[in-house]
Amino acid sequence: MQRGYPVLPGFVVGAEVLQQFLENLNSSESLVADLPHSSLYLDVTNWRQLQQVAGRLRQEIITASVPISWVGKILAAARAWETEYLIFRPTVMVPNATKALGNISGLLESVFCPCNQEAIASGLKRTWSQLFRARSLLYWQRTGTDLRKVNFAVLVQPVRNAMASGLFHANTSGWEITATWGLGVAIANGEVLPDVYYIQPETGQLIEQQLGSKILAYRIENPATKDSLQPVTPSVLALDNTCLVAYLLEESKQKQYSLQAEYLQQVIVLGNQLVSELGSEFDIEWTISQVNPVPKLYLTQVSAPQSAIPNVQIIKGLGAARGRVTANAYVIANSQLKPEQLPQDVILVAKTITPDWLPILQKIAGIITEKGGLTSHAAILARELGIPAVVSATDVTALIQPGERLLVDGDRGEVSRVREDITIERIAAKGGSPENLELNHSHSPLPSTPAKSHSWESPPLRAFGITSPALIATQLLLNLSQSSLIEQVQSLPVDGVGLLRSELMMLTVLEGQHPNSWLTDGRQAELLERWTEQIMQFACGFAPRPVLYRSLDWRSHELPSFPQEHQSTSQAVLGDRGIFSYLLNPTIFELELAALAKVQKAGYSNVNLMLPFVRSVEEFSLCRQKVEQAGLTQLPQFQLWIMAEVPSVLFLLPEYVKAGVEGISIGTNDLTQLLLGVDREQEQLARRFNELQPAVMSAIAQLIEMSKDAGIPCTICGQAPVLYPEMIDRLVQWGITAISVEPDAVERTYHAIARAEHRLILEAARRQMKGG
């Protein structure tokens with residue numbers, strides 16, 4: 001603002017204001033006491049008590065009176081902006097934290113309200129009361145955080161309706177602008193596929209533009225004067241943001257670009273000016289406010305590399321696994337030298353990591369790598385372990401010193417240096433869920449056969465933030481590999497496991513050795529028992545819900561202890577991927593099938609087999625013969641699936657079905673690589689040529705349609721729906737059977753599916769009304 005940029009003003013209602021408010025309440029002792037040790041004992045494993053206590057605490061805040069003098073000061077300051085509406089953005093700080101807070105972006109949400117005394121008092125109380133929601137109380141106790149030490153402040157800013165809003169992403173390879181109608185809430189929530197404009201940085205010229213899928217938009221309006229726009233009910237209204245309204249766009253607007261030429265040029269000019277301030281790589285959020293006499297462009301957020309802004313110790317990368325954590329750095333400059341073990345609760349800083357690092361990553365707090373994209377091994381392993389990760393952080397092993405205190409923000413893709421005595425958590429306006437929250441309760445098991453719809457009204461859903469009684473017909477599944485996570489995730493509202501990654505599951509079991517080494521040493525029986533035990537843990541933990549076990553899919557160089565005969569392809573990008581390696585070395589595959597057969601004989605009928613990286617029908621047929629020889633097909637419930645990730649499946653799926661394929665799961669990571677010629681480890685290419693490319697989206701749509709024609713289920717288990725949640729609308733519209741995601745993405749994926757299905761129902765109703 002001091003440099004003349006169009007930045008919205010703001011002021012802070014400090015943490016001491018909330019402390020005063022609580023002290024003035026008659027029940028202040030119960031509100032600020034350390035709940036586990038006070039007279040108001042809270043057993044967070046008892047969901048009924050948790051809900052009752054949370055409801056009572058929040059009710060005490062909501063029904064209390066905010067001093068008129070406080071409201072008057074806020075109103076007087078806000079009136080200077082000549083705005084009708086305000087947004088309250090919560091922020092949290094915990095001094096001298098003994099334990100990292102982790103990801104708390106889902107605990108606290110922004111609140112919108114009209115600019116008048118009554119609404120300000122109500123909005124402030126609704127913002128404060130989030131500190132005592134059930135999921136918040138659960139989280140504070142799980143992390144050992146004393147509520148009396150939580151500093152909770154509120155940033156207040158004006159908010160106006162917008163013609164359009166969006167993002168500006170600048171890097172050395174080009175500029176990318178995304179835009180949608182109305183406020184930017186729709187993009188933040190992943191409810192639209194925004195328009196995209198590709199800009200040449202040197203000239204500022206538009207190279208290419210792509211029309212998005214924008215069915216709804218957001219606006220703010222006084223509840224007493226709402227117009228005739230048809231409203232919908234998105235999840236952002238959870239805090240009773242009655243002045244924030246989502247409405248369906250007219251069909252003509254859906255087909256128009258949201259950023260007119262003159263405003264596109266303004267955004268380009270603003271970005272060009274920021275290059276001189278921030279360098280060639282940065283991200284901004286912008287909005288074109290509807291102010292008189294002409295709409296005005298505002299800058300609402302800036303994210304830039306460490307070197308761009310003086311005295312800001314931030315290193316920018318790609319947020320690969322959600323969450324925030326503070327810990328000391330453990331730097332490995334040479335990633336070729338994998339250590340035998342890592343200290344507990346450190347943040348690993350390395351150039352890159354490979355899957356065989358998994359056993360030594362079990363107790364670390366976070367991961368930062370110099371290389372890799374959002375589907376790199378580092379990203380996948382971090383998501384499997386449920387720890388924050390930032391990848392593609394340039395020169396991070398040189399910039400970070402061993403032992404430095406770091407804050408890794410996996411949501412924003414940032415690494416910050418912090419003081420030893422303080423932990424800061426900055427809350428984003430987007431939704432999300434705390435890491436690793438669970439309640440111990442009974443779970444009503446879901447059928448192993450595909451369900452038509454589910455009503456998630458049980459206690460576990462409320463604990464995970466899914467409070468609406470929405471029905472979803474699209475199944476929601478989990479991607480897993482670590483048996484240590486089963487207890488934490490088995491009560492999530494999912495229909496089963498859509499991808500059990502056997503190669504990651506077995507890394508700890510194999511103790512860093514290739515399976516052939518076990519056979520050579522005469523330990524085949526021991527390996528078979530261990531293998532069976534691992535699979536059985538998942539079968540038991542999720543029974544009777546189905547578990548889709550994917551057989552081993554290692555590239556030949558991903559284990560350093562591979563026998564010498566396997567090293568010839570160590571530099572190959574693909575290596576001996578998929579079932580081709582089974583034909584070269586059938587013994588290991590036969591042992592894997594024997595383990596599955598033992599699980600069946602133990603009484604578990606919920607484990608199905610999925611073959612990875614299938615290149616041809618002949619390969620599949622040979623593997624099916626071995627499956628039959630192992631006796632797996634004698635069980636009527638057993639199904640044999642394939643991963644749909646090699647592009648040849650687009651031409652051969654009917655032949656695969658004739659040969660015995662009973663279901664497919666689309667692996668978007670490999671499918672994208674092979675369709676577009678992009679290596680997942682080359683972050684610059686992977687960032688630009690991603691799953692949203694028309695060729696990839698067309699391939700996904702074709703696979704879903706072919707599966708429906710063949711009468712087999714089609715799921716998707718790659719990272720695309722999580723990385724690009726706007727894709728979920730298309731998947732649901734096309735008729736995907738199920739979407740399989742990591743545990744930390746369950747809540748937001750559930751909401752995205754519910755919204756997508758709701759929009760389809762609304763569209764169908766509108767068409768029926770027009771037809772009538």
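Q: How many bridges join strand β5 to strand β6, and do the two run parallel or antiparallel?

A: Let's start with the general idea: strands of a sheet pair through backbone hydrogen bonds, either parallel or antiparallel. In this predicted model, β5 (residues 162-171) and β6 (residues 174-181) run antiparallel and are joined by eight bridges. To find the pairing on screen, look for Asn-171, which stands opposite Gly-174 in β6.

Q: Which strands make up the open sheet that contains β5 and β6, and in what order?

A: Reading across, the order is β8-β7-β6-β5-β12-β13, six strands with antiparallel pairing. At the edges stand β8 (206-210) and β13 (296-303); each has a single partner strand, so one side of each is left without a neighbour in the sheet. On average, and ignoring direction, neighbouring strands here are turned by 20° against each other.

Q: Which helix packs on this sheet, and which strands does it touch?

A: That is helix α9 (residues 261-278), which touches β5, β6, β7 (195-199), β8, β12 (282-289) and β13. The direction of α9 makes about 145° with that of β12.

Q: Moving on to another set of strands, which ones does β21 pair with?

A: Strand β21 (residues 414-417) is joined to β14 (residues 314-316) by three bridges, and these two run antiparallel. Strand β21 also pairs with β20 (residues 405-409) in the antiparallel sense, over four bridges. For landmarks, Lys-316 has Glu-414 as its bridge partner, while Val-408 is partnered with Val-415.

Q: In the hairpin of β20 and β21, which residue takes a positive phi?

A: Gly-413 does, with a phi near 70°. This hairpin has four residues between its strands.

Q: Are Glu-82 and Phe-613 buried or exposed?

A: Glu-82 counts as exposed because its relative accessibility is 71%, whereas Phe-613 counts as buried because its value is 2%.

Q: Which peptide bond is cis, and where does its proline lie?

A: Look at the bond from Ala-543 to Pro-544, where omega is near 0°. Pro-544 lies in the loop between α16 and β27 (547-550).

Q: How do α14 and α16 pack?

A: Two packed helices are described by the angle between their axes and the distance between the axes. For α14 (residues 502-510) and α16 (residues 524-542), the angle is about 135° and the axes are 11 Å apart. The two helices are therefore oblique to each other, and their crossing is right-handed. On the α14 side you will find Met-505, Met-506, Val-509 and Leu-510, which meet Leu-527, Arg-530, Trp-531, Gln-534, Ile-535 and Phe-538 in α16.

Q: What angle do α4 and α5 make, and which residues form the contact?

A: Helices α4 and α5 (residues 117-129) pack at about 105°, with their axes 10 Å apart. They are therefore roughly perpendicular to each other. The contact is made by Ile-68, Trp-70, Val-71, Gly-72, Ile-74 and Leu-75 of α4, together with Gln-117, Ile-120, Ala-121, Leu-124 and Trp-128 of α5.

Q: How many residues does the largest nonpolar core have, and which of them have the most contacts inside it?

A: In soluble globular proteins, nonpolar side chains tend to be buried together. Here the largest core has 110 residues, and those with the most contacts inside it are Leu-361, Trp-531, Leu-611 and Ile-700. Helix α18 (residues 586-601) supplies the largest share of this core, eight residues. A second, separate core of 46 residues includes Phe-88, Leu-107, Ile-120 and Tyr-139.

Q: Which residues does Leu-611 touch?

A: Leaving out residues up to four places away in sequence, the contacts of Leu-611 include Ile-579, Tyr-582, Phe-589, Phe-620 and Trp-641.

Q: How many residues of helix α10 are buried?

A: Nine of the nine residues of α10 (residues 377-385) are buried, so this helix is largely enclosed by the rest of the structure. Among the buried residues are His-377, Arg-383 and Glu-384, as well as Ile-380 and Leu-381. Just after α10 comes Gly-386, with a positive phi of about 70°.

Technical notes:
Residues are numbered from 1 along each chain as its sequence is written. This is a predicted model: local features need pLDDT of at least 70, side-chain atom pairs count only at pLDDT 80 or more; totals for chains, interfaces and linings use all residues. Side-chain values use heavy atoms; hydrogens and water are left out. A nonpolar core is a set of buried Ala, Val, Leu, Ile, Met, Phe, Trp, Tyr and Cys residues joined through side-chain atoms within 4.5 Å. Buried means under 20% relative accessible area, exposed over 50%, partly exposed in between (1.4 Å probe, protein chains only). Contact means heavy atoms within 4.5 Å. Two strands pair if DSSP finds at least two bridges between them. Axes are lines fitted to C-alpha atoms, for helices over the stretch in contact, and angles run from 0 to 180 degrees between N-to-C directions. Angles under 35 degrees count as roughly parallel, over 145 as roughly antiparallel, 65 to 115 as roughly perpendicular and the rest as oblique. A crossing is left-handed if the near helix is turned anticlockwise from the far one by less than a right angle, and right-handed if clockwise.
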